[in-house]
Amino acid sequence: MCGIVGYIGNKKAVPVLINGLLSLEYRGYDSAGVAVLNPNNSDYILKVVKDKGRVKILQDNSELETITGNVGIAHTRWATHGMPSKVNSHPHLDNSGKFAVVHNGIIENYVDLRKKLLDNGYTLYSDTDTEVIPNLIHMNYNGDILEAVSKTMKELKGSYAIEVISPLFADKIIVAKKDSPLVVGIGEDENFIASDIPAVLAHTNNFYFLDEQEIAVVEKNLVKFYDINLNEVTKDIKNIEWDAESSEKNGYEDYMLKEIYEQPQAIRETIGSRLSLDKKVSLGLENVDFKAFNKIYIVACGTAMHAGIASKYAFEKFCKIPTEVDMASEFRYRNPLIDEHTLCIFISQSGETADTIAALRLAKEAGSTTISIVNVIGSSITRLSDYTLYTHAGPEIAVASTKAYTCQVTLLNILVINIAESLGYESKELNSFKSSLLELPDKVKQTLETNKLVKDFADKVYTQKDLYFIGRGTDYAVSMEGSLKLKEISYIHSEAYAAGELKHGPIALIENGVTVIGIATNPITTEKTLSNLEESITRGASVLVVTNQNIKNDKIDYIINVPETDSILSPIISVIPLQLFAYYIAKNKNLDVDKPRNLAKSVTVE
Ligand code: AGP
């Protein structure tokens, strides 16, 4: 996830662009840059200033003072392909230096496109997927920029919101989008482009929204829209009345809610081109001899550890290797039985968690192979691990992790397929597992529609003191995450139990005024979990069930129906109502959901 801004009008472009980038920093902040068409005699030249680091570093760059042009594009980056560095920052130029491009999204077929460009004599200077775009535009340009952009779009697979400027058409910014956000803000004798409304809300409340695979030609007094085949499209302007605070969060009340709603896209980007039905998964682990392992350890903390617990079932089922999940803080002090025959997988959103780093060092000393699942590119864990696989969740700002979790479980399951295929365990079941994974972004989107019912239940039970989550198998795994989410942002005491364990002690706690949430998504265990819920109802508990089974039971207060999927993948879906539940409870209690007390986003101490 990155942020892009564009300006065309009569003002100096740089200050407008920098202010826009500052309000988009929540989308990414590892490098930033601008490209402006600067007057040069009777012509224009492209001036590009960019660097690693936050927008503030760019803002303080004295080179910007020499730029007076009125047409420009800008970018704040959240690295996905290529480390944060000056050369990898945007804008990127083509080899002729005539086309400058900024891009938000991921070009999934960039390896093939890089090869095509290299075969055609182009040089690529960065490690990014983006650099192919200006060069493809150059390659496809025969004097008509719209045709060049349309042809280029047809070659790109993945997601993109792009802006293109060039001295060859100095009165225009060309923009295009697919699966990444882009809006055009309308002013008087000036127009604006941005990833999100907040970036330009100081200048206008009137916006056009681009649809998928559309192109816009933005001039200072005119905006025209085209589909990918260059048929003109008409659009209505929408008036947006947001206050400053809500605009920063793109209209959401809190980052946490925004991040919950970003999950379909984050999962889609994490799957990217890694998974398809017609070829084997390839995660760049060709040098790993998976036959050498007799045990897998998954090690992490908090939510990241819960992602590991939710995925353990898949490792054992499809890879047939015994898999243990451990808290990093325990693993590091208990002399775990690990050696060169152990595969150790570490999971971390931040890549900076002190306990996880220490556990990783221990595993390396013991000679184990280490693979890490990390969200923040270039973070400490990625530098220490033998192999790193990135979730593409984008920056997660709320302390309570939501989209990182669903992306971690998604990527762990893709890793499962990679290992199973390397071990020769292809099967019909594995193929249908792949299809189920590919359906997840749409199903998660559908699941977000449970929000009203979840809020309704939260409104009823938010004053309660104790709350329990129960489930079996992967439903138990997701119960742990639901319980942690509730604890950390609502400060309500909560526990997760394997449903069958309830009668071995915890049921003594169930009485009037207690709430029990059951997760029942596995057809084999649903009846059993329902019986355990009945036992709670009998003792006075209010009950909510999250299920994809056809449950008819009048005694249950709320039934949240979620889409069906392979039960191994169900945590990615069933966690959504639990995240929303924790969120609405905390809102009812007027708590700061983004910054809960006593917690930090990245725990860099033991
Ligand atoms: C999640 O909501 C928590 N804030 C916390 O448990 C977190 O998952 C844990 O500290 C691990 O962080 P990491 O993923 O950055 O390593």
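Domain bounds here come from an automatic or database domain assignment. On that basis, the protein chain splits into domain 1 (3-246), domain 2 (249-438) and domain 3 (448-588). The model is a predicted one, in which local features need pLDDT of at least 70 and side-chain atom pairs count only at pLDDT 80 or more, while totals for chains, interfaces and linings use all residues. Residues are numbered from 1 along each chain as its sequence is written, and side-chain values use heavy atoms, with hydrogens and water left out.

Let's start with how domains 2 and 3 meet. Taken over C-alpha atoms, the centres of domain 2 and domain 3 are 25 Å apart. Contact (heavy atoms within 4.5 Å) links 30 residues of domain 2 with 24 residues of domain 3. Together they bury about 2300 Å², with carbon and sulfur atoms giving 69% of that area; buried area is the accessible area (1.4 Å probe) that two parts lose on being put together, summed over both. Y261, H306 and Y313 supply 22% of what domain 2 buries against domain 3, more than any other three residues.

Next comes a sheet. Helices (H or I, at least four residues) and strands (E, at least two) are DSSP runs, numbered from the N terminus, and two strands pair if DSSP finds at least two bridges between them. Five strands make up an open, parallel sheet, in the order β22-β21-β23-β24-β25. β22 (493-498) and β25 (558-561) sit at the edges with a single partner strand each, so one side of each has no neighbour in the sheet. On average, neighbouring strands are turned by 15 degrees against each other, direction ignored; axes are lines fitted to C-alpha atoms, for helices over the stretch in contact, and angles run from 0 to 180 degrees between N-to-C directions. Further in, β21 (residues 466-471) and β23 (residues 515-520) are joined by four bridges, and F469 has I517 of β23 as its bridge partner. Helix α15 (residues 451-461) packs on the sheet, touching β23, β24 (542-547) and β25, and its direction makes about 150 degrees with that of β25. Helix α16 (residues 474-490) lies across β21, β22 and β23, at about 175 degrees to β22.

Finally, there is helix α5 (residues 145-155). Eight of its eleven residues are buried, so α5 is largely enclosed by the rest of the structure; buried means under 20% relative accessible area (1.4 Å probe, protein chains only). Among the buried ones are I145, L146 and M153. The packing partners of these buried residues include α3 (110-119), α4 (132-140) and β7 (160-165).

Technical notes:
Buried < 20%, exposed > 50% of the residue type's maximum accessible area, 1.4 Å probe, protein only.
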